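Here are my notes on the model you passed along. Have the structure open while you go through them; the points run from ground rules to single residues.

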Amino acid sequence: MPRHGKYPDEMGERAVRTVLDHGHEYGSQWEAICSVADEFATLSYVDWFNRRRLHAVWSGGEALHVVQPGDWFSVICLWQQATFAGWHINLQRPLRPSRLGWDTEDLVLDIEVAPDGSWALEDRAEFEHGVDGGYFDRETQHAVMNAVEEALARLGRREVPFGVDWTVLPELARGPVALPDGWESLLS
């Protein structure tokens, strides 16, 4: 049986299928992941779930990722059927060079911003669960909360990318970048 890390791939795949098939029975996807991880007694629930999601296909419309060096967040400009739909602020570790180009780590917490600038903090309970469970240390928690304040301050000042007229879909957001064959083998 193939293995990815300490656990057989089949176990992780079965756990992910269980989350995807029964996630609607929980209050959030995070609750489903935690429940299934406990049931399977497998490696860190975030690790195995995110590893399996690497092969997921984006289906949320067009997106342009804007990341500034040193920031603990990225801003994703979103369009649905060529209509600007707002921004998604993804809290993440600052970019760092890797064999694939640049790498980061998602830190669960997100901010959804409507085109009019109204916003909502998403996944706070999941982030706090990660802190309480030891997945995120207090230093990371502090850095993330500072990043939330900084992102909202930039939104309030209408700095790039928030001050840009995104009602017209830019040409560079009109298609995915093709990755070379075998790119995923560079992950191991």
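1. Some ground rules. This is a predicted model, where local features need pLDDT of at least 70 and side-chain atom pairs count only at pLDDT 80 or more, while totals for chains, interfaces and linings use all residues. Residues are numbered from 1 along each chain as its sequence is written, and side-chain values use heavy atoms, with hydrogens and water left out.

2. Overall layout. I count on DSSP runs here, numbered from the N terminus: helices are H or I with at least four residues, strands are E with at least two. The protein comes to five helices and nine strands, and from the N terminus the order is β-β-α-α-α-β-β-β-β-β-β-β-α-α. Of its 188 residues, 36% are buried. With contact taken as heavy atoms within 4.5 Å, residues 24 or more positions apart account for 43% of the contacts with a separation of 6 or more.

3. Aromatics. Rings of Phe, Tyr and Trp (its six-membered ring) pair if their centres lie within 6.5 Å; planes under 30 degrees apart are stacked, over 60 edge-to-face, and the rest tilted. The structure holds five such pairs. One of them joins Trp87 and Phe162, edge-to-face at 5.2 Å centre to centre with 70° between the planes. That pair links distant parts of the chain, since Trp87 sits in strand S5 (residues 83–92) and Phe162 in the segment after helix H5 (138–156), 75 residues apart. Trp87 has 2% relative accessibility, so it counts as buried; Phe162 has 1%, so it is buried as well. The rings of Tyr135 and Phe136 have centres 4.9 Å apart and planes at 80°, so they too are edge-to-face. Ring pairs also link Trp79, Phe84, Trp87 and Phe162 into a cluster.

4. Which residues have the most contacts inside the largest nonpolar core? A nonpolar core here is a set of buried Ala, Val, Leu, Ile, Met, Phe, Trp, Tyr and Cys residues joined through side-chain atoms within 4.5 Å. The largest one has 25 residues, and those with the most contacts inside it are Phe73, Cys77, Trp87, Ile89, Leu91, Ile111 and Trp166. Strand S4 (73–80), S5, strand S8 (106–113), helix H4 (124–132) and H5 each supply at least two of its residues, and H5 gives the largest share, six. Apart from this core lies another, of five residues, among them Ala15, Val19, Ala32 and Val36. As background, nonpolar side chains tend to be buried together in soluble globular proteins.

5. Trp166 deserves a click. Leaving aside neighbours within four places in sequence, Trp166 is in contact with Leu64, Cys77, Trp79, Phe84, Trp87 and Pro161.

6. How do H4 and H5 pack? Their axes come within 9 Å and cross at roughly 155° (axes are lines fitted to C-alpha atoms, for helices over the stretch in contact, with angles from 0 to 180 degrees between N-to-C directions). That makes H4 roughly antiparallel to H5, given that angles under 35 degrees count as roughly parallel, over 145 as roughly antiparallel, 65 to 115 as roughly perpendicular and the rest as oblique. On the H4 side, Arg124, Phe127, Val131 and Asp132 meet Arg138, Gln141, Val144 and Met145 in H5.

7. Most residues other than glycine have a negative phi, and most peptide bonds are trans. The bond from Val160 to Pro161 is cis, with omega near 10°, and Pro161 is in the segment after H5. Val108 belongs to strand S8 and is buried at 12%.

Notes
Buried means under 20% relative accessible area, exposed over 50%, partly exposed in between (1.4 Å probe, protein chains only).
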